[in-house]
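I opened the model today with my notebook beside me.

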Amino acid sequence: MNLHDHDDTKLFSPEFTRNPYPVYERLREEDPVHQVRFPDGQLGWLVTRYADAEAVLKDPRFIKDFSKLFGGSMDEMSVFTQNMLFSDPPDHKRLRGLAQKAFTPKMIDGMKPRIQEITDDLLDGFEGKSSVNLIDEFAFPLPIIVICEILGVPSQDRDKFRTWSNSLIEGTSGEAGVSVYEHMNEFVRYLGEWFQKVRQQPGDDLISRLIEAEEAGDRLTEKELYGLVSLLIIAGHETTVNLIGNTVLTLLNHPEQQQELCIQPELIGQAIEESLRLNGPVEFSTSRWASEDLEFGGKTIHRGDLIVVGLNAANHDPKQFDNPELFDIHREKSAHLAFGKGIHFCLGAPLARLEGHIAIDGLLKRFPAMALAVPENELEWRPGMIVRGVRELPVTLGK
């Protein structure tokens, strides 16, 4: 494979999506800060070594707000970028501070019984079945119900959120060729109508609190309200769907460790951290741009250059992790980058970990003998630059 002259046919191909790790290994060794043509046509830099990845995520010269460099917004998606994920200090601190109120350790701890209840209800639905699609029937509904309840939007609309979220994240058209932009417009209209209802009848949910903050003055603009809520709905379930799916798939591929967890459920937390490192639910960081000309990793990066961190590539760096290709639930807690690093560290990480823990614990207690229902090479991995996960995960439940 030639890693130069932008021959990136191997990068981002279906074969790469199935197993990107051999490509990452070659990039780390031969060209760790690699100029690449991304699937959307943009030319940018892909960072694959752990030390470089950590440096980019913490370096204030790599900024998130595209408009500071180029003015205006990138495209019609601007309504989805008015949030802390796409902002820099001081806006970032203000926006994150508002969202943080829903994710305090006390609030998350208080959600344990409800998450357990949702998990038990979903698993009750498996009774009498010999096999299920674990994504559709478990990994997807659990986090979407939780985030809908936090926000105060009806969880019966969760299939709509799934359609819109898939469209945005994968950049793919939906049924009957509905375009990504049509889906975005539907999502924005839905939120607008919902905000109207909440203004008339506020509750104690997060959207009510965010609207109060918006109405209190300059703490949150209307666009920021849309941006923050859309981020929480999409990020609040997408990462956890794939955290659960990828962890279960990895356990099914390591049945001896799956059985060990059934006997020693106290190791589930470690198993989830190891799964996050080995096959994290977010493949690449969101985009950053160089705010000035600079040298980085032996390359000259120009002001305005796009730079993306390969989170899963960094998490397989042998300079940081012994035997990185090995799944080991006894591995000491590792400083993986699955939730990012620095000021943009994932706000929902404690909630995702809690949901993952309760989900895996519940599954293993009820169905300790579950196994893959199809050969692994028949599983379809979701396309797109952001999430890493399978579309479906058919499992037999066993006795």
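I call two strands paired if DSSP finds at least two bridges between them. Strands (E, at least two residues) and helices (H or I, at least four) are DSSP runs, numbered from the N terminus.

A note on the source: this is a predicted model, with local features needing pLDDT of at least 70 and side-chain atom pairs counting only at pLDDT 80 or more, while totals for chains, interfaces and linings use all residues. Residues are numbered from 1 along each chain as its sequence is written, and side-chain values use heavy atoms, without hydrogens and water.

I found three strands in the order 4-10-9, paired antiparallel. Strand 4 (131-133) and strand 9 (371-372) are the edges, each pairing on one side only. Two bridges link strand 9 to strand 10 (residues 394-396), and I see L372 opposite V395 in strand 10.

**Hairpin.** Strand 1 (residues 33-37) and strand 2 (residues 43-47) run antiparallel, joined by five bridges. R37 has L43 of strand 2 as its bridge partner. Five residues lie between the strands, and G41 takes a positive phi near 95°.

**Second largest pocket.** A pocket here is an open set of points on a 1 Å grid over the protein atoms alone, where a 1.4 Å probe fits, with protein on both sides within 12 Å along at least five of seven lines; lining residues have an atom within 4 Å of a point. I count 20 lining residues, with N19, Y21, L278, N279 and E376 nearest the centre. Helix 2 (21-30) and helix 13 (222-252) each give two or more residues to this lining.
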